[in-house]
Amino acid sequence: MILLLTNSGDVTTDILMPHLTRHAEVFRFNLDLWKEYTWNIHADGYEITDPLGRVCTEAQVGAVYERKVMHIPMSIDVPAGGCPENWLREEVFEIWSGIKDLAYGSGKLALIHPSPSGVWKKMRQMRLAAKYFPVPAWQMLRKVEPQCGSPLVCKSNSGQNIGKNRLFNVSKVNPKRIDLEFPWFLQQAVDAVSDVTVAYIGGKLFASEYSRADMKGMDCRVPTSEGKGEWKPCELSTDEAERVRAMMAETGFTFSRLDFLRTADGTLHFLEFNVNGQYAWIDILNKRGMLTAIADEVMRVHNRNLPQ
């Protein structure tokens, strides 16, 4: 059995499910619907029951795959006096983080797992990437003047919503007009012709490109979410692919989605990688075999843990 940790609104999970269920039984735990489940976690194992009465025990589980363990909405505004619902959310989240940790310790955690070499926050990512790709000059600052060139964009370091489920989008800023009391993450703007995203799955690469020809603003997530433009399959050069694989080998991750900007001269400029980023939209019909590659990685761990 595969224990799949996610949420009820994750379309990527919905798309992937048939590629897993044809090989093994899948027990889906949706964190946002936690009140519909029962569980008993103890020294000797765990038993989880879903809303349909299906039971998952630790002894049955061959692989645990973390897709997107999050509440819907992702966050709630907490008043100054505290909020019991927010406390409950954190308690439940920690329980399922613990299940994932148990799976890691027993060799059952598939595809999405911690790196043996640390956490890999953005600043460390960019330092490593500079060995393999151009990285736009960047600076995280407070109470000091920007020194990373111009023009500049501001970015979110945490990726958290800023209230009412709104994202902090990448935007151009005037360095002379920013409030230096704020903890800024600034980066030199790149005059790019396209965005390139690459899904790295156990050494296999699946790349897509989004043209900036008609894009307004600096954040491709905005027009993408509005259904404007199209991400099209693209091929990395042999050299680019080798550099991606070498960089990811240094991190120790099995899966990641890497984001780049491509300039008119063909150069790829590294932005960041997300070790549990969305990916189904890159090959939603599995024409390139990306969903099969995901399922194969999960099944590899599952089959390894089957009773001999």
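Which residues does threonine 13 touch, not counting residues up to four places away in sequence? They are Leu4, Thr6, Arg28 and Arg67, where contact means heavy atoms within 4.5 Å. The model is predicted, so local features need pLDDT of at least 70 and side-chain atom pairs count only at pLDDT 80 or more, while totals for chains, interfaces and linings use all residues. Residues are numbered from 1 along each chain as its sequence is written, and side-chain values use heavy atoms, with hydrogens and water left out.

Threonine 13 lies in helix 1. Helices (H or I, at least four residues) and strands (E, at least two) are DSSP runs, numbered from the N terminus. Threonine 13 counts as buried because its relative accessibility is 0%. Buried means under 20% relative accessible area, exposed over 50%, and partly exposed in between (1.4 Å probe, protein chains only).

The protein chain holds six helices and 16 strands. Its C-alpha trace spans about 60 × 55 × 35 Å along the principal axes. Of the 308 residues, 46% count as buried. Among contacts with a separation of 6 or more, 65% join residues 24 or more positions apart.

Nonpolar side chains tend to be buried together in soluble globular proteins. The largest nonpolar core has 28 residues. Such a core is a set of buried Ala, Val, Leu, Ile, Met, Phe, Trp, Tyr and Cys residues joined through side-chain atoms within 4.5 Å. Leu20, Tyr65, Ile201, Tyr279, Met290 and Ile294 touch the most other members. Strand 1 (2-6), helix 1 (11-21), strand 6 (63-66), strand 12 (192-201) and helix 6 (290-304) each supply at least two residues of this core. Helix 6 gives the most, with eight residues. Beyond its neighbours within four places in sequence, tyrosine 65 contacts residues including Leu3, Leu16, Ile112, Tyr279 and Val298. A second, separate core of 24 residues includes Trp120, Leu128, Leu205 and Phe253.

Isoleucine 95 sits in helix 2 (residues 84-105). Isoleucine 95 is partly exposed because its relative accessible area is 30%.
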